[in-house]
Amino acid sequence: VMDWIGVTDQIEDRTKSQYIGDVYTDIQFAANKHIESWYYRNSQYIGPEEEEYVFNGNTAENDYVFLTILPELDEKTTTIGGCGTDIQLHSPKGAVGIMINGAQES
């Protein structure tokens, strides 16, 4: 449930990638650390490797943990996709909408 590409400084050399975050993801990680209620967290699971990356960085000491979140591309992994590439959360689908006013002939 995280757009890792959007909240990481760069992904070209993933051993040097660092979390930069934004207001939304910072709140998600803070809530996960202090709130246990699945109702409040809206079924979001944050793994230990994700917490390690966000709170302790991506270093040799933690074996460049970002590589477990978003592996390097190679012959076997040729594209980025799947979980961790957008902030889509399936549970509220259909319950969240958008209203646009004043969009005549635009």
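**Aromatic cluster, nonpolar core and helix packing**

Ring pairs join Trp 4, Tyr 19, Phe 29, Tyr 53, Phe 55 and Phe 66 into a cluster; rings of Phe, Tyr and Trp (its six-membered ring) pair if their centres lie within 6.5 Å, with planes under 30 degrees apart counted as stacked, over 60 as edge-to-face and the rest as tilted. The model is predicted, and local features need pLDDT of at least 70, side-chain atom pairs count only at pLDDT 80 or more, and totals for chains, interfaces and linings use all residues. Residues are numbered from 1 along each chain as its sequence is written, and side-chain values use heavy atoms, with hydrogens and water left out.

Six aromatic pairs are present in the structure. In one of them, the ring centres of Trp 4 and Phe 29 are 6.0 Å apart and the planes stand at 55°, so the pair is tilted. Because Trp 4 belongs to the segment before helix 1 and Phe 29 to helix 1, this pair ties together parts that are 25 residues apart in sequence. Helices (H or I, at least four residues) are DSSP runs, numbered from the N terminus. Both Trp 4 and Phe 29 are buried, where buried means under 20% relative accessible area, exposed over 50% and partly exposed in between (1.4 Å probe, protein chains only). The rings of Phe 29 and Phe 55 form an edge-to-face pair, with centres 6.3 Å apart and planes at 85°. Phe 29 lies in helix 1 and Phe 55 in helix 3, so parts 26 residues apart in sequence are tied together by this pair. Phe 29 has a relative accessibility of 1% and counts as buried, whereas Phe 55, at 37%, counts as partly exposed.

The largest nonpolar core has 13 residues, of which Trp 4, Tyr 19, Phe 29, Tyr 53, Val 54 and Phe 66 touch the most other members. Such a core is a set of buried Ala, Val, Leu, Ile, Met, Phe, Trp, Tyr and Cys residues joined through side-chain atoms within 4.5 Å. At least two residues of this core come from each of helix 3 (48-56) and helix 4 (66-69). Beyond its neighbours within four places in sequence, Tyr 53 is in contact with Trp 4, Thr 8, Ser 17, Gln 18, Tyr 19, Asn 58, Val 65, Phe 66 and Ile 69, contact meaning heavy atoms within 4.5 Å.

The axes of helix 1 (residues 23-34) and helix 3 come within 11 Å and cross at roughly 115°; axes are lines fitted to C-alpha atoms, for helices over the stretch in contact, and angles run from 0 to 180 degrees between N-to-C directions. The contact involves Phe 29, Asn 32 and Lys 33 of helix 1 and Glu 50, Glu 51, Val 54 and Phe 55 of helix 3.

Thr 25 is located in helix 1 and is buried, with a relative accessible area of 1%. Not counting residues up to four places away in sequence, Thr 25 touches Met 2, Val 7 and Tyr 19. The C-alpha atom of Thr 25 is separated by 8.8 Å from that of Asp 3, 22 residues away along the chain. Asp 3 lies in the segment before helix 1 and, at 27% relative accessibility, counts as partly exposed.

In the loop between helix 3 and helix 4, Asp 63 has a positive phi of about 55° although it is not a glycine. Tyr 64, located in the loop between helix 3 and helix 4, has a positive phi near 50° and is likewise a residue other than glycine. Asp 63 counts as exposed at 64% relative accessibility, and Tyr 64 as partly exposed at 31%.
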